[in-house]
Amino acid sequence: MGRPERLTPAAIAAAALRLGDREGPAAMSMRRIAADLGCDPMALYRHFANREALLDAVADAALAGARDPGPAVPWDDRLRAITTEIRSCALRHPGIAAHVAARPPLGEHGLRLGAGLFAALTEAGLPASDVVRSSQALIAYLAAALAMSVRAGSRDARWEQVSRAVTGLPDGPPGDEMFAVGSDEQFGYGLRLLINGIRAEAAGRS
């Protein structure tokens, strides 16, 4: 790939995102990104203090397409939409998805989506202190779910083993009802439980 006309933080992050899309997380080193840009690795350090700072920018760029439906929709639908969009956008970029899970972005797009979450939680009727705390719970769940989705499995031999173990417990539930780890179904079900908990918490405060 040719060197951009002007090596800017945005151009570097965009190039690194494309590289990760093509070659996965193993390619996300300063040396490999610089080689893809056709520049010396030290040129990257003029724009980013270290690799982590660069990956933070790449993670934020990965969320550029994540949409916030805004206040026109009910707060619970807005929470569901934003969190689902973040997960979907991150998973479309395999080179950086694990970094998004480990360090939720604080750049332009991360802050935009965070503001949407705060607004929806406020509309739910939570006091300011609980808006902050419930947002932490949502982000923690999203990060954990995204990390599992990066390693998403299927109903494989391990799933069968766990299913049999659950079914075999005293009065154990039917293990074959388990979702595959990291699946859309698992994420959606857990998110519904969390939103219902937020709704109950807000009702208890009124």
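Throughout this tour, a residue is called buried when its relative accessible area is under 20%, exposed when it is over 50%, and partly exposed in between, with a 1.4 Å probe and protein chains only. The structure is a predicted model, in which local features need pLDDT of at least 70 and side-chain atom pairs count only at pLDDT 80 or more, while totals for chains, interfaces and linings use all residues. Residues are numbered from 1 along each chain as its sequence is written, and side-chain values use heavy atoms, with hydrogens and water left out.

**The whole chain**

Begin with the protein chain in cartoon view, where the secondary structure comes to 10 helices and 0 strands; helices (H or I, at least four residues) and strands (E, at least two) are DSSP runs, numbered from the N terminus. The C-alpha atoms fill a box of roughly 60 × 45 × 25 Å, taken along the principal axes. Of the 206 residues in the protein chain, 39% are buried. If contact is taken to mean heavy atoms within 4.5 Å, residues 24 or more positions apart account for 67% of the contacts with a separation of 6 or more.

**Helices H1 and H2**

Select residues 9-23, which form helix H1, together with residues 30-37, which form helix H2; the two pack at an angle of about 105°, with their axes 10 Å apart. The axes are lines fitted to C-alpha atoms, for helices over the stretch in contact, and the angles run from 0 to 180 degrees between N-to-C directions. H1 is therefore roughly perpendicular to H2, on a scale where angles under 35 degrees count as roughly parallel, over 145 as roughly antiparallel, 65 to 115 as roughly perpendicular and the rest as oblique. Now show the side chains of Ile 12, Ala 15, Ala 16, Leu 19, Arg 22 and Glu 23 in H1, which meet Arg 32, Ile 33, Asp 36 and Leu 37 in H2. By class, this contact of H1 with H2 has 6 nonpolar, no polar and 4 charged residues, where Ala, Val, Leu, Ile, Met, Phe, Trp, Tyr, Cys and Pro count as nonpolar, Asp, Glu, Lys and Arg as charged, and the others, Gly among them, as polar.

Staying in helix H2, pick Arg 31, which is exposed, with a relative accessible area of 64%. The C-alpha atoms of Arg 31 and Met 42 are separated by 8.9 Å, and these residues are 11 residues apart along the chain.

**Asp 60 in helix H4**

Next, go to helix H4 (residues 51-62) and select Asp 60, which counts as buried at 8% relative accessibility. Which residues is Asp 60 in contact with, leaving aside its neighbours within four places in sequence? They are Pro 105, Gly 107, Glu 108, His 109 and Gly 110. Asp 60 and Pro 104 are 44 residues apart in sequence, with 8.3 Å between them in space, C-alpha to C-alpha.

**Helices H5 and H7**

Select helix H5 (residues 75-91) and helix H7 (residues 108-123), whose axes come within 8 Å and cross at roughly 155°. The two helices are therefore roughly antiparallel to each other. On the H5 side the contact is made by Trp 75, Arg 78, Leu 79, Ile 82, Thr 83 and Ile 86, and on the H7 side by Leu 113, Gly 116, Leu 117, Ala 119, Ala 120, Leu 121 and Glu 123. These residues divide into 9 nonpolar, 2 polar and 2 charged.

**Aromatic pairs**

Rings of Phe, Tyr and Trp (its six-membered ring) pair if their centres lie within 6.5 Å, with planes under 30 degrees apart counted as stacked, over 60 as edge-to-face and the rest as tilted; by this rule the count comes to 2 aromatic pairs. One of them is the stacked pair of Tyr 141 and Phe 187, at 5.7 Å centre to centre and 15° between the planes. Tyr 141 is in helix H8 (residues 128-150) and Phe 187 in helix H10 (residues 184-205), 46 residues apart, so that the pair links distant parts of the chain. Tyr 141 counts as partly exposed at 22% relative accessibility, whereas Phe 187, at 5%, counts as buried.

For the other pair, select Phe 179 and Tyr 189, whose ring centres are 5.9 Å apart with the planes at 55°, so the pair is tilted. Phe 179 lies in the loop between helix H9 (157-167) and H10, and Tyr 189 in helix H10. Phe 179 is partly exposed at 35% relative accessibility, and Tyr 189 is partly exposed as well, with a relative accessible area of 41%.

**Last stop: Asp 171**

Finish in the loop between H9 and H10 at Asp 171, which has a positive phi of about 55° although it is not a glycine. Asp 171 counts as exposed, at 81% relative accessibility.
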